[in-house]
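Let us walk through this structure together, moving from one group of side chains to the next. Please keep the sequence and the 3D view at hand.

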Amino acid sequence: MLFSSLPFLFYFLPVMTAVYFITPKKAKNAVILLGSLFFYAWGEPRYVLLMAATIVIGYVFGILIEKNRDNKFGKVFTALSVVSGAGLLTYFKYADFFIGSFNSVTGLSVPLLKIALPVGISFYTFQMLSYTIDVGRGQVRAQRNFINLAAYISMFPQLIAGPIVRYSDIDRQLTGRSHTLAGTALGIRRFVLGLGKKVIIANTLGELCSKFLASKEQSALFAWIYLFAAALQIYYDFSGYSDMAIGLGRVLGFDFPENFNYPFISRSVTEFWRRWHMTLGSWFRDYLYIPLGGNRAGKSRQMFNILIVWLATGLWHGAAWNFVIWGLYFAVFLIIEKLWLGKYLAKSKTLGHIYLVFFVGISFVIFNADTVSQAVRNISLLFGGGATPVTAESVFYLKSYAGVLLVGLIGATPAAAKLCSVIRGRTAGEKTLNFIEPLFLAALLLVCVAYLVNGSYNPFLYFRF
């Protein structure tokens with residue numbers, strides 16, 4: 001079930017929130033758990049058992065790890081929890097990818113397992129792993145209440161698209177959160193804005209990307225339009241879902257971590273990844289990069305650690321070679337920046353920003369491709385390879401989608417937020433915004449619903465994850 005779907009907006013969400021708020025405090029986590037299981041089963045009924053297995057692994061190993069933290073078995077149980085969780089993730093997400101790659105290298109024909117990818121498995125597996133590892137480190141106490149832990153791992157707002165919420169982020173909120181009218185209003189505001197980003201901007205840009213991929217007259221101009229459309233589509237799709245998740249969490253009384261911070265205003269790839277999908281970046285930093293040695297064992301080891309982390313980051317996003325290349329592509333730039341380029345980028349805001357937008361744009365052409373050959377083809381088109389510079393079709397689509405591209409570019413900067421902040425700094429301005437904002441949100445919601453009722457293009461990018 002998608003957040004940007006009519007069944008969610010008009011059936012699941014109203015019923016879920018109504019039941020949640022009339023339920024006594026002690027039973028609210030049980031409502032979240034049952035609602036989340038129903039939410040997941042709506043689209044993946046057979047894989048509810050897989051998520052339940054992940055929850056049981058986390059619960060059992062969490063208790064065993066805490067009981068044995070002061071002896072060698074604590075580390076053994078921590079390792080077993082990691083192997084169990086990562087093993088399930090590897091089997092369901094990567095088994096056919098590894099078999100296919102093996103067949104390509106050896107020329108053999110080992111039959112594929114043809115396993116369907118369980119939606120959200122990367123997100124809830126990482127949440128479970130962060131819990132057991134943090135218990136092993138003594139950073140959190142093991143959760144003895146099975147329902148509380150199950151509610152944390154399966155919580156529907158961030159179940160299928162993040163942000164990756166660590167147990168340490170909300171352990172106290174599981175039993176001691178508060179519900180206020182102001183908090184609920186902020187949550188609704190965040191959800192509606194995220195829905196607008198997803199339905200109006202991301203989906204419209206997705207249509208443009210689909211038109212490019214289906215076109216038989218792919219010009220260099222059309223390829224550049226596609227580059228910007230693909231980058232902005234992925235940003236608005238992903239950040240829109242994160243906004244909706246954070247908003248829904250706030251309605252339920254939870255404070256989820258932020259996941260995006262205007263990444264396209266960055267001046268380097270290093271800065272970009274401090275602003276893009278921040279919960280994933282911090283997860284790999286704390287649970288892979290630092291345990292590998294981080295930057296503590298010299299430059300050579302640090303560069304190796306970066307390669308490993310970004311190989312894992314690429315694979316986390318999808319079981320395909322274009323994702324592996326995408327991850328290693330960023331690893332190369334991060335290494336170059338750490339060795340010498342970073343200090344030069346820091347001196348020039350304009351040069352750094354041009355550099356960032358160009359190379360990150362190329363990365364999303366790789367990311368958005370179905371195959372490596374398609375990625376190579378689309379990149380070559382950017383520089384005129386096998387195509388004319390401009391066609392009537394490319395000009396037509398540029399004119400047709402210029403408005404949403406412009407809105408997308410402006411919205412990817414903090415310009416609107418700064419303008420609202422300046423207006424709120426004045427008494428009359430604040431009163432005006434307080435009056436206009438509810439009307440704007442209501443109108444935005446109606447427009448989103450109109451798009452959905454009309455059956456507009458509404459893809460789900462996270463099946464890959």
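The charged end of Lys93 sits over the ring of Trp316, 5.5 Å from the ring centre. Here a charge counts as over a ring if NZ of Lys or CZ of Arg is within 6 Å of the ring centre and within 35 degrees of the ring normal. Lys28 has its charged end over the ring of Tyr20, at 4.5 Å from the centre.

Before we go on, note that this is a predicted model: local features need pLDDT of at least 70, side-chain atom pairs count only at pLDDT 80 or more, and totals for chains, interfaces and linings use all residues. Residues are numbered from 1 along each chain as its sequence is written, and side-chain values use heavy atoms, with hydrogens and water left out.

The structure holds 65 aromatic pairs, where rings of Phe, Tyr and Trp (its six-membered ring) pair if their centres lie within 6.5 Å, and planes under 30 degrees apart count as stacked, over 60 as edge-to-face and the rest as tilted. Phe272 and Trp276 are stacked, because their ring centres are 5.4 Å apart and their planes are at 20°. Phe272 is buried at 0% relative accessibility, and Trp276 is buried too, at 2% (buried means under 20% relative accessible area, exposed over 50%, partly exposed in between, with a 1.4 Å probe and protein chains only). Trp283 and Tyr287 form a tilted pair, 4.9 Å centre to centre with 50° between the planes. Both of these residues lie in helix 12 (residues 278–292), 4 residues apart, about one turn of the helix. Helices are DSSP runs (H or I, at least four residues), numbered from the N terminus.

Where do opposite charges come together? Side chains of opposite charge can pair when their charged atoms come close. A search of the whole structure finds 13 salt bridges, each a side-chain nitrogen of Lys or Arg within 4 Å of a carboxyl oxygen of Asp or Glu. One of them joins Glu66 and Arg141 at 2.9 Å, N to O. Glu66 lies in helix 3 and Arg141 in the loop between helix 5 (121–137) and helix 6, so this pair ties together parts 75 residues apart in sequence. Glu66 is buried at 12%, whereas Arg141 is exposed at 60%. Glu66 and Arg141 also belong to a network of salt bridges with Arg69 and Arg144.

Definitions and conventions. Helix = DSSP H or I, 4+ residues; strand = E, 2+ residues; numbered from the N terminus.
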